[in-house]
Amino acid sequence: MRPGVLECHLPHQIERLTPPKTIRCHLRLIEDVSPRGTTGHRCHYTVMKVIFLDIDGVLNSDVTPNPRKFPYIVDGQLLARFQELVTKTGANVVLSSTWRVDPVGLLAAKFYKVPFHDMCPDMPGAPRCEEVQTWLREHQEVTRYVVLDDDNDCLDELPLFQPSSRTGLTAAIASGIEDFLAGRSDKDMCANALVRLGQNIHSLFGRDKR
Ligand SMILES: [Mg+2]
């Protein structure tokens with residue numbers, strides 16, 4: 001969470017600064033500085049960016065070497081790309097992956113040094129989007145967030161960045177997330193319908209992992 005000071009004028013500029021939809025600014029009026037006789041105010045603001053992280057199909061892919069068939073595996077190259085993304089964006093990472101609900105999976109995530117600060121609540125039977133939204137409701141301080149997931153478990157309503165499980169996190173998707181979290185873009189990156197159809201067929205014959 002990064003604090004800062006924002007100069008603004010009340011009340012109309014506060015309203016103008018309030019961003020739409022997926023962006024929520026956390027503004028707190030602290031003093032009336034009345035600069036040069038105007039009606040200016042100084043506001044404190046905090047910026048909290050969040051990445052909801054799925055692991056299977058994001059930090060590993062169909063081509064990640066796994067000769068011993070470990071149930072939990074991370075691809076070093078994809079992990080390095082994600083770690084760089086976290087450093088560049090300063091985002092907090094909230095684990096949405098099913099790894100979080102298995103003690104062995106959680107241990108594996110820590111073993112591989114997957115960076116994360118918190119986890120979504122486990123809501124058996126509920127789609128992943130509900131787990132994400134529940135976490136968000138309890139963290140009103142979040143200003144901007146993305147969902148990084150190869151699946152689209154009703155996540156289309158959210159800013160979804162969706163790599164293919166065949167590749168995991170790509171440089172293009174990492175760059176898209178960076179732009180989105182920095183406010184330079186409002187475009188998410190969902191797989192198109194054709195790719196999804198291919199992925200669904202592929203998953204019928206592949207691993208049963210979310
Ligand atoms: Mg997945």
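**Close-up views of a predicted model**

View 1. Of the 210 residues in the chain, 31% are buried. Among the contacts between residues at least 6 apart in sequence, 65% join residues at least 24 apart.

**View 2. The packing of helices H2 and H5.** Helix H2, residues 76–89, packs with helix H5, residues 171–181, at an angle of about 15°, and their axes are 10 Å apart. Because angles under 35 degrees count as roughly parallel, H2 and H5 are therefore described as roughly parallel to each other. The crossing in which H2 passes H5 is right-handed. On the H2 side the contact is made by Arg81, Leu85, Lys88 and Thr89, and on the H5 side by Ala171, Ala174, Ile177, Glu178 and Leu181. Sorted by class, this contact of H2 with H5 has five nonpolar, one polar and three charged residues.

**View 3. The largest nonpolar core.** This core has 40 residues, and those with the most contacts inside it are Phe52, Leu53 and Ile177. Two or more residues each come from strand S4 (49–53), H2, strand S5 (92–95), helix H4 (128–137), strand S7 (144–148), strand S8 (160–161) and H5. H5 gives the most to this core, with five residues.

**View 4. The surroundings of Phe52.** When residues up to four places away in sequence are not counted, Phe52 touches Val94, Ser96, Cys120, Val132, Tyr145, Val147 and Leu148.

Technical notes
Residues are numbered from 1 along each chain as its sequence is written. This is a predicted model: local features need pLDDT of at least 70, side-chain atom pairs count only at pLDDT 80 or more; totals for chains, interfaces and linings use all residues. Axes are lines fitted to C-alpha atoms, for helices over the stretch in contact, and angles run from 0 to 180 degrees between N-to-C directions. Helices (H or I, at least four residues) and strands (E, at least two) are DSSP runs, numbered from the N terminus. Angles under 35 degrees count as roughly parallel, over 145 as roughly antiparallel, 65 to 115 as roughly perpendicular and the rest as oblique. A crossing is left-handed if the near helix is turned anticlockwise from the far one by less than a right angle, and right-handed if clockwise. Two residues are in contact if their C-beta atoms, placed from the backbone, lie within 7 Å. Ala, Val, Leu, Ile, Met, Phe, Trp, Tyr, Cys and Pro count as nonpolar, Asp, Glu, Lys and Arg as charged, and the others, Gly among them, as polar. A nonpolar core is a set of buried Ala, Val, Leu, Ile, Met, Phe, Trp, Tyr and Cys residues joined through C-beta atoms within 7 Å. A residue is buried if 20 or more other C-beta atoms lie within 10 Å of its own, exposed if 12 or fewer, and partly exposed in between; C-beta atoms are placed from the backbone.
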